[in-house]
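Here is a quick tour of one model. Have the sequence and the 3D view open, and follow along.

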Amino acid sequence: MKAKVYFSRTITPEKVLELYQLLGKQLPGKVAIKLHSGETGNQNFLKPEFWKPVIDHIGGTVVECNTAYEGTRDTTEKHLKTLEEHGWSKYFDVDLLDAEGPDMELPIPKGKKIQKNYVGKNLENYDSMLVLSHFKGHPMGGFGGAIKQLSIGVASSYGKAYIHGVGDTEQIWTSDHDSFLESMADAASSVVEYFEGNVVYINVMKNMSVDCDCCAVAEDPCMKDIGILISEDPIAIDQACLDLVYAADDPGRDHLLERIESLNGVHTVEAAAGLGFGTREYELIEVD
């Protein structure tokens with residue numbers, strides 16, 4: 001069964017909301033809006049104004065977690081200040097899921113590399129989730145999209161180190177690389193299971209740098225914007241984004257692909273598909 005992925009080449013705040021309404025999936029109860037708050041100094045992350053129409057429509061709470069590396073988001077105090085400076089707190093209710101411990105532990109009985117995932121304990125206050133991802137390159141994962149948002153994004157500060165270290169936080173930057181990618185897929189599966197399918201994914205292919213929004217000093221975008229995608233399947237939407245990059249005739253495409261391929265980025269998608277919480281087979285439905 002192919003997953004449906006809706007796609008528009010028009011990139012506007014209004015088009016994000018239009019695609020959400022077109023998908024027709026109702027997110028029940030209290031909705032967590034997972035997005036990237038942006039590291040201080042980063043010029044590429046998608047700003048609050050861009051996401052405002054869809055967040056206002058849903059009436060959800062913007063959620064984030066602290067980082068596991070030094071910066072302006074590695075403690076609750078600093079992260080709350082960054083959320084304010086970047087305008088998130090001005091427009092929306094904001095919840096740092098791991099502002100206080102202890103972490104919430106999600107089991108991963110079918111995990112290939114890790115059997116548990118540590119997420120911010122405030123996740124228990126939500127019934128569903130909207131995952132807003134800025135698709136671009138990444139210096140560790142090769143690329144960042146929906147699967148990364150579900151895994152590293154929802155993980156607590158400790159949980160991020162646990163995933164990176166493949167279960168050993170002491171190995172945060174030295175673990176086997178493919179095992180780290182598989183751990184990301186494992187962690188993502190636990191969040192999907194937790195919400196029992198009550199998740200919608202939006203990937204925006206805009207400001208596509210080889211670097212993540214977590215980089216204070218990031219390269220400028222290397223290729224032209226492609227569009228907005230929405231799906232109920234996190235694996236299908238990431239695969240569709242990768243396929244759109246490969247299909248592009250943009251001169252900067254090869255620079256982004258070199259980053260993705262040098263870090264075996266597609267392996268995260270392969271590992272996720274192997275766990276069965278989505279499919280790489282999709283129908284791309286283009287809308288004006």
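At what angle do helix α5 and helix α7 pack, and how far apart are their axes?

## Two helices crossing

Keep in mind that this is a predicted model. In it, α5 (residues 146–153) and α7 (residues 177–194) pack at an angle of about 85°, and their axes are 8 Å apart. Angles of 65 to 115 degrees count as roughly perpendicular, so α5 is roughly perpendicular to α7.

Who touches whom here? On the α5 side the contact uses Ile 147, Lys 148, Leu 150, Ser 151 and Ile 152. Facing them from α7 are Phe 180, Met 184, Ala 187, Ala 188, Val 191 and Val 192. Sort the residues of this contact by type and you get nine nonpolar, one polar and one charged.

## The sheet

Now for the strands. Eight of them form an open sheet with mixed pairing, in the order β4-β3-β2-β7-β10-β11-β1-β12. The edges are β4 (94–96) and β12 (282–286), each of which pairs on one side only. From one strand to the next, the twist averages 25°.

β3 (residues 61–64) pairs with β4 in the parallel sense, over three bridges, and Val 63 sits opposite Asp 95 of β4. Helix α1 (residues 13–23) packs on the sheet, where it touches β1 (3–8), β7 (128–134), β10 (199–205) and β11 (227–231). The direction of α1 makes about 25° with that of β11.

## Around Val 245

Val 245 belongs to helix α8 (residues 234–247). Is Val 245 buried or exposed? Its relative accessibility is 0%, so Val 245 counts as buried.

What surrounds Val 245? Setting aside neighbours within four places in sequence, Val 245 is in contact with Phe 135, Met 205, Met 223, Ile 226, Arg 253, Leu 256 and Leu 257. Take Ile 226 from that list: Ile 226 and Val 245 are 19 residues apart along the chain, and their C-alpha atoms are separated by 8.2 Å.

## Cysteines

How many disulfides are there? The count is zero. Take Cys 65 as a case: the closest cysteine sulfur belongs to Cys 214 and is 14 Å from the sulfur of Cys 65, which is too far for a bond because a disulfide needs the two sulfurs within 2.5 Å.

Note on methods
Residues are numbered from 1 along each chain as its sequence is written. This is a predicted model: local features need pLDDT of at least 70, side-chain atom pairs count only at pLDDT 80 or more; totals for chains, interfaces and linings use all residues. Side-chain values use heavy atoms; hydrogens and water are left out. Two strands pair if DSSP finds at least two bridges between them. Helices (H or I, at least four residues) and strands (E, at least two) are DSSP runs, numbered from the N terminus. Axes are lines fitted to C-alpha atoms, for helices over the stretch in contact, and angles run from 0 to 180 degrees between N-to-C directions. Contact means heavy atoms within 4.5 Å. Angles under 35 degrees count as roughly parallel, over 145 as roughly antiparallel, 65 to 115 as roughly perpendicular and the rest as oblique. Ala, Val, Leu, Ile, Met, Phe, Trp, Tyr, Cys and Pro count as nonpolar, Asp, Glu, Lys and Arg as charged, and the others, Gly among them, as polar. Buried means under 20% relative accessible area, exposed over 50%, partly exposed in between (1.4 Å probe, protein chains only).
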